[in-house]
Amino acid sequence: MSRALYKVENLIHHYNRQPVVNIEDLTIKPASITGLAGPNGSGKSTLLKLMAFIMRPSKGRILINGHPAFPFDETVRSQVTLLTQEPYLMRRTVFNNIAYGLKVRGDRKDWIEPVHEALTMVGLDPDRFSNRYWNELSGGEAQRVALAARLVLKPRVLLLDEPTASVDAASSELIRTASLSARSEWGTTLVIASHDREWLYDVCDEVIHLFEGKVVGTGRSNMIFGPWVSGPGDRHYKDLGDGKRLPVSMPPHTEATAFIDPGAIQLLARDEAQARSGRVLVNGTVTRLSLEKERGQLLADVRVGTHSLAVRVDESHLAAMTLHRGWPVTLAYRLDSIQWR
Amino acid sequence: MDFILAGFIQAIHLLFGGDAQTWSAVAATLKASSGSMAASLLIGVPAGFLLGYFDFPTKRQLRLLVDTALALPTVFIGLMVYAFITNRGPLGQFDLLFTLRGIAIGQTILALPVVIALSATAVESMDRHLRTLLISLGASRTQLLMSSLWEVRYGVLAAGLTAYGRVMTEVGISMMVGGNIKWHTRTITTAIALETGKGMFATGIALGVVLIVIAFSVNVCLSFLRRR
């Protein structure tokens with residue numbers, strides 16, 4: 001069993017006495033790609049800043065290679081680097097922005113070759129971009145330069161906070177490719193926070209779900225937010241759009257969040273779906289089939305109204321039913337399989 | 001109107017003819033102001049950086065004190081410096097009264113709040129992402145502070161130029177502490193006041209032209225820095 005690179009122990013962080021991160025235990029393996037998923041305010045950015053040792057946690061500790069680490073420690077400087085969501089560059093040329101990390105590390109004076117390599121990695125022509133100033137770049141170019149400034153350090157850990165949130169599609173693809181190549185070329189450990197769950201599920205060895213600062217699960221998960229509408233009897237619903245409703249058990253409050261494990265939902269052909277006591281049926285359409293990396297199982301994304309639910313598909317089921325994109329199916333689940341936060 | 005025009009024409013003669021009294025006043029001004037600016041930048045820039053960068057319990061009160069000091073009248077500063085460096089004052093033994101060094105001390109006190117306040121403002125307006133960026137790229141604590149100061153260099157330079165403009169054009173300190181002694185402590189501003197009082201408009205205008213040229217140059221630099 002490989003030793004953990006990162007180990008988080010009883011980590012708590014407050015902003016104005018409000019807890020924003022509360023994680024008892026979290027482990028990240030070396031040379032892995034870990035995803036952080038969760039809604040806005042779930043603590044992803046704060047967790048990344050703590051893991052980047054930008055700030056000290058209010059309580060608890062973070063260990064690297066088994067040893068506690070703190071901001072400005074020699075063990076983490078230039079080894080752990082964070083790329084933030086909004087591109088930010090210093091008021092100097094592209095070349096000097098990228099070379100800054102090499103300078104503070106005391107690296108050799110010849111920075112031209114590593115800087116040019118880093119620019120090429122992010123898809124920017126060194127001859128055209130080296131002498132441009134920070135304010136002569138588009139948003140996508142600025143974010144790529146910011147990434148190049150981290151890649152030039154060949155960091156041990158690269159933390160990415162929504163790296164493609166504020167850039168165009170072309171830059172987004174280049175940023176993703178360059179980030180992943182750091183792992184393949186240097187064994188860099190990546191931790192990526194993103195709202196693009198499909199990308200996370202595709203590239204990450206593990207996806208960790210955060211909600212209100214806590215880890216609520218790993219792997220694929222269905223998270224459905226309130227508000228909830230009450231119906232006849234004890235029934236409550238979530239309006240999923242296009243006339244579709246998702247029945248749920250009684251929520252603890254109107255803004256509660258429901259979690260349904262993909263393994264708790266059964267995928268049925270439309271014609272074989274039958275109502276049973278305690279079981280709810282919802283119709284949808286298959287939009288995507290993928291392999292869940294962590295478990296090696298097939299996952300189907302099923303569109304219900306304007307929402308998408310992930311369903312783990314049993315191999316025996318796969319043999320028994322036709323399943324492809326655009327195929328109408330029925331989802332079946334028990335109301336007591338819903339977990340509430 | 002004729003005498004004003006005649007004054008301008010004579011001013012050109014005095015300046016380009018190398019009139020000794022005129023250029024003595026210019027030299028005295030440059031000496032005193034350069035000394036005071038060097039001192040106020042040396043003390044004021046680090047103080048302003050610390051005030052703007054760090055959070056500490058009495059920060060707000062200190063900032064209030066600095067901002068209040070911005071409004072100190074020059075005659076009041078001149079009066080206080082005079083009281084300290086006169087023979088009966090605590091610093092009387094240093095013979096600073098009626099010297100350019102004495103004027104420089106007073107002008108340092110005038111310039112210091114300007115440099116501190118505007119440097120602190122420049123640092124406070126620093127993007128909050130800069131700290132994250134610098135630490136992410138491996139900066140040590142010292143490198144973080146130095147790089148942050150470098151990033152706000154244009155704001156700090158603008159603070160220095162603003163203070164310089166204030167120092168160049170003040171009369172109260174130069175008059176009270178310097179004594180307006182010909183060939184020694186007569187500065188541009190005290191000379192203008194004296195010559196105008198004597199009806200010697202040409203000399204006053206000549207010195208005023210020098211002041212305007214310097215003030216214009218300062219503002220051109222400030223304008224350039226604002227765009228950066």
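Biologist: How many helices and strands does chain A come to?

Modeller: Helices (H or I, at least four residues) and strands (E, at least two) are taken as DSSP runs, numbered from the N terminus. On that basis, the secondary structure of chain A comes to eight helices and 21 strands.

Biologist: Before we go on, at what pLDDT do side-chain atom pairs count?

Modeller: Residues are numbered from 1 along each chain as its sequence is written, while chains are lettered from A and ligands numbered from 1 in the order in which they are written. The model is predicted: totals for chains, interfaces and linings use all residues, local features need pLDDT of at least 70, and side-chain atom pairs count only at pLDDT 80 or more.

Biologist: Thanks! What pattern does chain B follow along its sequence?

Modeller: Chain B has 11 helices and zero strands. Reading along the sequence therefore gives helices, as DSSP runs: α-α-α-α-α-α-α-α-α-α-α.

Biologist: What share of each chain is buried?

Modeller: Buried here stands for 20 or more other C-beta atoms within 10 Å of a residue's own, exposed for 12 or fewer, and partly exposed for anything in between, with C-beta atoms placed from the backbone. The C-alpha trace of chain A spans about 75 × 40 × 40 Å along its principal axes, and that of chain B fills a box of roughly 65 × 45 × 25 Å. For the 341 residues of chain A the buried share is 39%, and for the 228 residues of chain B it is 40%.

Biologist: Which residue of β20(A) does Val282(A) stand opposite?

Modeller: Strand β17 (residues 279-292) of chain A runs antiparallel to strand β20 (residues 328-334) of chain A, and seven bridges join them. In β20(A), the residue opposite Val282(A) is Leu331(A).

Biologist: Now the four-stranded sheet: which residue of β2(A) stands opposite Tyr6(A)?

Modeller: This is another open, antiparallel sheet, ordered β2-β1-β4-β5 (chain A). Its edges are β2 (18-28) and β5 (67-68) of chain A, each with a single partner strand. Strand β1 (residues 6-15) of chain A is joined to β2(A) by nine bridges. The residue of β2(A) opposite Tyr6(A) is Ile28(A).

Biologist: Let's turn to where the chains meet. Which element gives the most residues to the side of chain A that touches chain B?

Modeller: Contact is counted where C-beta atoms, placed from the backbone, lie within 7 Å. By that rule, 20 residues come from chain A and 13 from chain B. Elements giving two or more residues on the chain A side are β6 (80-83), α2 (94-104) and α5 (139-151) of chain A. With three residues, the one that gives the most is α2(A).

Biologist: How do the residues of that side divide by class?

Modeller: Ala, Val, Leu, Ile, Met, Phe, Trp, Tyr, Cys and Pro count as nonpolar, Asp, Glu, Lys and Arg as charged, and the others, Gly among them, as polar. The division is 11 nonpolar, four polar and five charged.

Biologist: Last one, in chain B: is Ala39(B) buried or partly exposed?

Modeller: Ala39(B) lies in helix α2 (residues 20-53) of chain B. Because Ala39(B) has 18 C-beta neighbours inside 10 Å, it counts as partly exposed.

Key:
Pairing = 2+ DSSP bridges. Contact = placed C-beta atoms within 7 Å.
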